[in-house]
Amino acid sequence: MSLAVQRMVFVHCSLFNLNRIFTRSIMSSLVVFFSILHGCTVFQGPPPTPLPPPSNFSDEEVTNYAQTVLKIEDQRQIAYKEIEAIMDTQPPEIACDQPESIKKLPDEAQEIAVEFCNQSKKIAEDSGLSSDEFNAITENAQKDAVFKKRIQNAMIRIRRP
């Protein structure tokens, strides 16, 4: 998967068909969130402290992370629709950790994108995950397919009625 795809923030997705589309949406959402929250710490000072390998994350931590990602996805969809309405077209690729991608947007859309990035960081912090913890889980999921599958399964369980 290319770095450009991993850094994509505003991806049009739908969670209405809970069979095929839900699985695809979760996969694309993970890529989006990995890039979004990786960017949230760019403006914070010291580099993240390494955390234990993925096998050491408890089911509770995985579930908390999955809930956080899903909350952020809800906000991402709202922001995407607002920016799309302003631009009357599909927005370009935008990443929170790449200010130049946000600067390509019209002023009103820039405000929405910045607000989304700030909300994403706050959602993670409000769920008890520091940026370092969230990013550590994200990085582990990118490197370990089994761990990534644990997160995806947790997201599916959370979204089931």
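**Exercise 1. State which residues Ser127 is in contact with, leaving aside its neighbours within four places in sequence.**

Solution. Once the neighbours within four places in sequence are set aside, Ser127 is in contact with Asn64 and Thr68, where contact means heavy atoms within 4.5 Å. The model is a predicted one, in which local features need pLDDT of at least 70 and side-chain atom pairs count only at pLDDT 80 or more, while totals for chains, interfaces and linings use all residues. Residues are numbered from 1 along each chain as its sequence is written, and side-chain values use heavy atoms, with hydrogens and water left out.

Next, locate the residue: Ser127 lies in the loop between H5 and H6. Helices are DSSP runs of H or I with at least four residues, strands are runs of E with at least two, and both are numbered from the N terminus. Then compare sequence with space: Ser127 and Asn64 are 63 residues apart in sequence, yet 7.2 Å apart in space, C-alpha to C-alpha. Finally, Ser127 counts as buried because its relative accessibility is 15%; buried means under 20% relative accessible area, exposed over 50%, and partly exposed in between (1.4 Å probe, protein chains only).

**Exercise 2. Determine whether Cys117 is buried or exposed, and where it is placed.**

Solution. The place of Cys117 is in helix H5, which covers residues 107–126. Its relative accessibility is 11%, so Cys117 counts as buried. Cys117 and Ile72 are separated by 45 residues in sequence and by 9.5 Å in space, C-alpha to C-alpha.

**Exercise 3. Describe how H3 and H6 are arranged.**

Solution. First, consider the axes, which are lines fitted to C-alpha atoms, for helices over the stretch in contact, with angles running from 0 to 180 degrees between N-to-C directions. The axes of H3 (residues 59–87) and H6 (residues 131–143) come within 11 Å and cross at roughly 95°. H3 and H6 are therefore roughly perpendicular to each other. For this term, angles under 35 degrees count as roughly parallel, over 145 as roughly antiparallel, 65 to 115 as roughly perpendicular and the rest as oblique.

Second, list the residues: Tyr65, Thr68 and Val69 of H3 meet Phe134, Ile137 and Thr138 of H6. By class, the contact of H3 with H6 has 4 nonpolar, 2 polar and no charged residues. Here Ala, Val, Leu, Ile, Met, Phe, Trp, Tyr, Cys and Pro count as nonpolar, Asp, Glu, Lys and Arg as charged, and the others, Gly among them, as polar.

**Exercise 4. Describe how H6 and H7 pack.**

Solution. H6 and H7 (residues 145–159) pack at an angle of about 120°, and their axes are 5 Å apart. H6 is therefore oblique to H7. In the contact, Ile137, Asn140, Ala141 and Lys143 of H6 meet Ala145, Phe147, Lys148 and Ile151 of H7. The residues of this contact divide into 5 nonpolar, 1 polar and 2 charged.

**Exercise 5. State the average pLDDT of the protein, and which elements have the lowest and highest mean pLDDT.**

Solution. The average pLDDT, the predictor's confidence in each residue from 0 to 100, is 75 for the protein, and 66% of the residues score at least 70.
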